[in-house]
Amino acid sequence: MADKKINMTNKETIAASFSKALKSFGVSVPILLGVVLLLGLFKIYITPELISSIFTGNLFRDTLLGSIIGSVSAGNPITSYIIGGELLKEGVSLFAVTAFIAAWVTVGVIQLPAEASILGKRFALTRNALSFIFSILVALATVVTLRFFT
Amino acid sequence: MKSDKKDKTGQRNKNLYYGFSFLGVVIILYIVLFFFDSENIYLSLYASLQIIIQILPVLVLVILLMGAVNYFLKPRIVSKHLGKESGIKGWLLAISIGILSHGPIYVWYPLLKDLHNQGMRTGLVAVFLYNRAIKIPLLPVMIFYFGIGFVIILMIYMIIASVVEGIIIEAVEHKTVARRKDA
């Protein structure tokens, strides 16, 4: 009898845990849907050709541009590797391409409304600003170290 | 990040309001663009549908994980492994789960919020999010384009950057809390 009671309580706790999870996730659904729709627009309007046409050949400016374009871009990281590889072939510096692929995943301008709404505005803004700066620093450190060893 | 349980309902309503407002703005953008470029808007809608189909399995996984976290992980356990007392193990754990997690970054926000409410350090949330840049299944593609030396060096610097970012975010948080207390 006591065992049955414990089992019932256990089942109720499992149900309550998952219902809480669904509710918690449900609150995020409208904003996530908004982000997905923005990503759809991005996929169609921002083409790799458009991205490569923005780079100028100036090392410092291109690295900064790499971080900015990577920050406002979004999607599977594989896409950033492919675009990055193509940019290298077209003569864009490795500094700029590294900043671009680092910012692609670590900075999310399109996802920022979702991140701010769910994790807090201050956290989201600080994290994205820091990740932007780090994408440039990581690019500099990576390329300098790579050149040191090769 | 907010962890106060008292105004949880208020916060939930605020988040819902904000979410629907954001979604409304995006829908209006679609409607406006539709009048200028209907063909590309159809393509954008199709691309969004494809993204939804792609992320559905991860969404299910995240909801299941959130349920499991609610059931198995009590605040005491989360605090022990990912909280203030977790020490270097907490940082290593956040780096590892950040690297191993799959799918787009935004589907993980609700789970991270729940974990944070249960005691996960803010710095470790940032570390988790930053390390999502390192995806083991995608490394062969990256090596193909940039070479193994580049990939190894980049990964090492990214892990270092994630920890520095986590430390700075916590320092900013402490400063804000201290300022609020002074006021």
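How many residue pairs are in polar contact between chain A and chain B? In this predicted model, the count is 6 residue pairs, with both residues at pLDDT 80 or more. Salt bridges across the interface of chain A and chain B number 0.

The extent of the interface may be considered next. Chain A contributes 62 residues to the contact, and chain B contributes 68 residues. Between them, the two chains bury about 6200 Å², of which 78% lies on carbon and sulfur atoms. On the side of chain A, the residues that lose the most area to chain B are A:Phe25, A:Tyr81 and A:Leu119, which together account for 11% of what that side buries.

Several helices of chain A form the side that touches chain B: helix H1 (2-45), helix H4 (77-89), helix H5 (94-106), helix H6 (112-119) and helix H7 (121-149) each supply at least two residues. Among these elements, H1(A) gives the most, with 28 residues. Sorted by class, this side of chain A comprises 38 nonpolar, 18 polar and 6 charged residues.

Helix H1 (8-36) and helix H2 (38-72) of chain B each supply at least two residues of the nonpolar patch. H1(B) provides the largest share, 7 residues.

Key:
Residues numbered from 1 in each chain as written. Chains lettered and ligands numbered in written order. Predicted model: local features only at pLDDT ≥ 70, side-chain atom pairs only at ≥ 80, totals over all residues. Heavy atoms only, no water. Contact = heavy atoms within 4.5 Å. Buried area = accessible area lost by both parts, 1.4 Å probe. Salt bridge = Lys/Arg side-chain N within 4 Å of Asp/Glu carboxyl O. Polar contact = N/O pair within 3.5 Å; in protein donor to acceptor, adjacent residues only side chain to side chain. Helix = DSSP H or I, 4+ residues; strand = E, 2+ residues; numbered from the N terminus. Nonpolar A, V, L, I, M, F, W, Y, C, P; charged D, E, K, R; others polar.
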